[in-house]
Amino acid sequence: MKKKTCHYDHLIDEYLLDKLKPEDAEAFEEHYFICPHCFAKLDQQSEIVKILKKEGVLESGGEACEHVPPPRPSLWRRLLAKFRR
Amino acid sequence: MVKEGKSAPPEDAVLQYRAVISFRVRKALGSSNPDWEDVVNEILTQAVAKIKSGEFRGDSSIGTFLYTITSRRIIDYIRQKTRVLKHAPEPAPYPDPHDEMEHRERARQVEQVVNGLKPKFRDVLYLYYYKELSREEVARALDISPRRVSERVNYALKLIQKAVRKEASGVRSGASSTD
């Protein structure tokens, strides 16, 4: 069975993290009042995001992130460096 | 969310929106704000009164009508609060012990899934949810494409949701078997 999706699905995360522009947030709020699919997803995701943000669940991930390698220079810079050698 | 039948009493139609109105109000006021429930009840009462008085003529959907009332009430509340209680301390909220227990249990499940994730997924979750970077910023930090960031976030979220749902249905079936 095909899963039901909605045009607004992709806004859920950014709405919960307050990353949407005010006008987009407003449009999404108006939408989830009439879209049970989005509201159900929003409601469920909201608690998960709260846990991920506040409960220290990911704090240990911060330690893991300390050894995240620094971003690689772009392909152009790498090529330039190669030619300079 | 609601079947807009003509025969349904306004109270019933409006009450079906309690969850969505509560969500919106808590998001705007903060879920630790002890006033949120009063504000929701005021919105519901106001909506029923407006429907009864014929102010809601059905030009828009009832969802849109309730959204408008909710947004106006939130703005009024924030204005009032800023004016009257600018420096008043907030009373501490009284969390429901049952809700608290369920929340703690879900937090434990989420933690379990997160701990079992490969570092590449945990790092993305950490930067995106905990550090609140944008998808593009996470992509730059980890030298992957923004699309890959979305894929990793979605994958991890699916695992978490699955674990939470599984546990919830286990709790429900366990509860019903003991009845």
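Reader: Which residue just after helix 6 of chain B takes a positive phi?

Author: Helices here are DSSP runs of H or I with at least four residues, strands are runs of E with at least two, and both are numbered from the N terminus. The place to look is just after helix 6 of chain B, where a phi of about 55 degrees occurs. The residue with this positive phi is B:Glu132.

Reader: What kind of model is this, and how are its residues and chains labelled?

Author: Residues are numbered from 1 along each chain as its sequence is written, while chains are lettered from A and ligands numbered from 1 in the order in which they are written. Local features need pLDDT of at least 70, side-chain atom pairs count only at pLDDT 80 or more, and totals for chains, interfaces and linings use all residues, for this is a predicted model.

Reader: How many residues of helix 6 of chain B are buried?

Author: A residue is buried if 20 or more other C-beta atoms lie within 10 Å of its own, exposed if 12 or fewer, and partly exposed in between, with C-beta atoms placed from the backbone. The buried residues of helix 6 of chain B include B:Phe121, B:Arg122, B:Asp123 and B:Tyr128. The helix is mostly covered, and of its twelve residues the number buried is nine.

Reader: Which helix of chain B gives the most residues to the side that touches chain A?

Author: Two residues are in contact if their C-beta atoms, placed from the backbone, lie within 7 Å. The contact takes 27 residues from chain A and 31 residues from chain B. On the chain B side, the elements that give two or more residues include helix 2 (18-29), helix 4 (62-84) and helix 8 (146-178). The most, eight residues, comes from helix 6 of chain B.

Reader: How many residues on the side of chain B that touches chain A are nonpolar?

Author: Ala, Val, Leu, Ile, Met, Phe, Trp, Tyr, Cys and Pro count as nonpolar, Asp, Glu, Lys and Arg as charged, and the others, Gly among them, as polar. By these classes, this side of chain B has five polar and eight charged residues. Its nonpolar residues number 18.

Reader: Why are helix 3 of chain A and helix 6 of chain B described as roughly perpendicular?

Author: Axes are lines fitted to C-alpha atoms, for helices over the stretch in contact, and angles run from 0 to 180 degrees between N-to-C directions. Angles under 35 degrees count as roughly parallel, over 145 as roughly antiparallel, 65 to 115 as roughly perpendicular and the rest as oblique. The axes of helix 3 of chain A and helix 6 of chain B come within 9 Å. The two helices are therefore roughly perpendicular to each other, as their axes cross at roughly 95 degrees.

Reader: Which residues of helix 6 of chain B does helix 3 of chain A meet?

Author: Helix 3 of chain A brings A:Val49, A:Leu52 and A:Lys53 to this meeting. The residues of the contact divide into five nonpolar, no polar and one charged.

Reader: Is B:Leu117 buried or partly exposed?

Author: B:Leu117 is found in the loop between helix 5 and helix 6 of chain B. Not counting residues up to four places away in sequence, B:Leu117 touches B:Arg122 and B:Ala156. Because 18 other C-beta atoms lie within 10 Å, B:Leu117 is partly exposed.

Reader: How many helices does chain B have?

Author: Buried residues make up 24% of the 179 residues in chain B. The secondary structure of chain B has zero strands, and along the sequence its pattern is α-α-α-α-α-α-α-α. The number of helices in chain B is eight.
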